[in-house]
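Trainee: Please take one part of this model and go through it closely, with the cut-offs behind each term.

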Amino acid sequence: MDWIELTVHTTTEGADIVSEALIAEGATGTMVEDRADIPDPDKPNGYWEIIDPNLIDSLPEDVVVHAWFEPDSRFPDRMQALSSRLEALKGLDLGLPLGALTIQTQNVRDEDWSEVWKQFYKPFRAGKSLVVKPTWEPYEAQSGDRIIEIDPGMAFGSGTHETTGMCLELLEDVMKGGERVIDVGTGSGILAIGAALLGAKDVLAIDIDPVAVRVAKENVAHNHLEDRVRAVEGNLLASSDGMCELCVANIIADVICMFAAPLYDHIVPGGLFICSGIIKEREQDVVDALTAANYAILEIRRKGEWVAMLARRHD
């Protein structure tokens with residue numbers, strides 16, 4: 001089997017944090033390259049005195065964490081979830097240096113992973129009526145199907161990640177039609193498109209990543225929903241515009257905790273908030289943040305290592 005090798009540049013202090021994030025996103029294993037792990041050859045001790053003194057010079061200047069992933073349909077989502085997680089870490093004051101946290105990928109067999117994974121990405125059902133269909137795959141629609149045509153490219157949201165699937169299921173369970181919806185951190189636009197197909201009258205799909213916005217616009221066009229879904233680059237919290245009956249945010253726990261209170265002002269009294277991207281170890285942190293921001297927790301769903309929540313803004 002071919003494997004995708006992914007490397008993250010960090011520090012000695014950040015290596016364990018990065019390794020944990022990689023494993024959480026499905027890495028089959030990690031390996032750390034760190035000069036600090038090699039004793040100083042000028043101060044020999046035991047067997048180290050026979051080590052080539054050029055060994056340290058051959059190592060990278062910063063600490064590099066290597067990880068390996070299968071090139072399947074879930075890899076783009078894992079890549080973007082990891083990218084979001086590392087971006088959030090950059091903004092946190094953890095009291096220790098984490099380094100650049102830049103990501104690089106390469107195929108062990110030097111193939112183009114961005115094409116390899118597509119052979120594993122087939123149409124699948126997400127909930128009772130929603131069907132996620134890659135744009136390049138044929139699918140014979142069944143009665144009642146709502147088909148989401150998607151090409152995630154390098155934007156988060158192929159639908160295969162547990163967090164995306166749970167959000168789609170919750171949308172299908174709670175939407176009645178006619179809602180205004182805001183999709184924060186839209187990625188590929190899959191949740192915004194799903195909301196529109198479920199009857200939303202107006203969907204604002206917003207993301208700070210221009211690549212994600214471009215991909216979302218393309219996917220909205222694939223689904224002929226330009227009249228109801230607007231993909232916009234920007235930060236919703238920096239604007240007083242935008243009100244909704246339902247807000248969905250499939251991001252990460254830290255960002256949800258930070259956004260819970262500000263997003264409250266964009267949701268009408270009694271409106272709903274669906275959030276996911278929450279690793280199970282952070283479930284209580286998000287519950288506490290939502291409760292403190294005056295939401296009522298209506299439902300918590302769990303799949304694998306991940307959690308999704310449905311909350312209601314108090315009247």
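**Helix packing and the pocket**

Mentor: α8 and α9 are roughly parallel to each other (angles under 35 degrees count as roughly parallel, over 145 as roughly antiparallel, 65 to 115 as roughly perpendicular, and the rest as oblique). The model is predicted, with local features requiring pLDDT of at least 70 and side-chain atom pairs pLDDT 80 or more, while totals for chains, interfaces and linings use all residues. Numbering runs from 1 along each chain as its sequence is written, and side-chain values use heavy atoms, without hydrogens or water.

The axes of α8 and helix α9 (residues 283–292) cross at roughly 10° and come within 8 Å. Axes are lines fitted to C-alpha atoms, for helices over the stretch in contact, and angles run from 0 to 180 degrees between N-to-C directions. Helices (H or I, at least four residues) and strands (E, at least two) are DSSP runs, numbered from the N terminus. From α8, Ala 253, Ile 256, Cys 257 and Ala 260 meet Asp 285, Val 286, Ala 289 and Leu 290 of α9 (contact means heavy atoms within 4.5 Å). The residues of this contact of α8 with α9 are 7 nonpolar, no polar and 1 charged. Ala, Val, Leu, Ile, Met, Phe, Trp, Tyr, Cys and Pro count as nonpolar, Asp, Glu, Lys and Arg as charged, and the others, Gly among them, as polar.

α8 also takes part in the largest pocket, whose volume is about 700 Å³. On a 1 Å grid over the protein atoms alone, a pocket is an open set of points where a 1.4 Å probe fits, with protein on both sides within 12 Å along at least five of seven lines, and lining residues have an atom within 4 Å of a point. The volume is the space filled by probe spheres set on the points. Its lining has 34 residues, with Ser 84, Gly 185, Asp 207, Ile 208 and Ile 251 nearest the centre. Two or more lining residues come from each of α3 (75–90), β9 (202–207) and α8 (253–264). α3 gives the largest share, 7 residues. By class, the lining holds 17 nonpolar, 12 polar and 5 charged residues.

α3 in turn packs against helix α1 (residues 15–24) at an angle of about 155°, with the axes 10 Å apart. α1 and α3 are therefore roughly antiparallel. Ile 17, Ala 21, Leu 22 and Ala 24 of α1 meet Leu 82, Arg 85 and Leu 89 of α3. That contact of α1 with α3 comprises 6 nonpolar residues, no polar and 1 charged.
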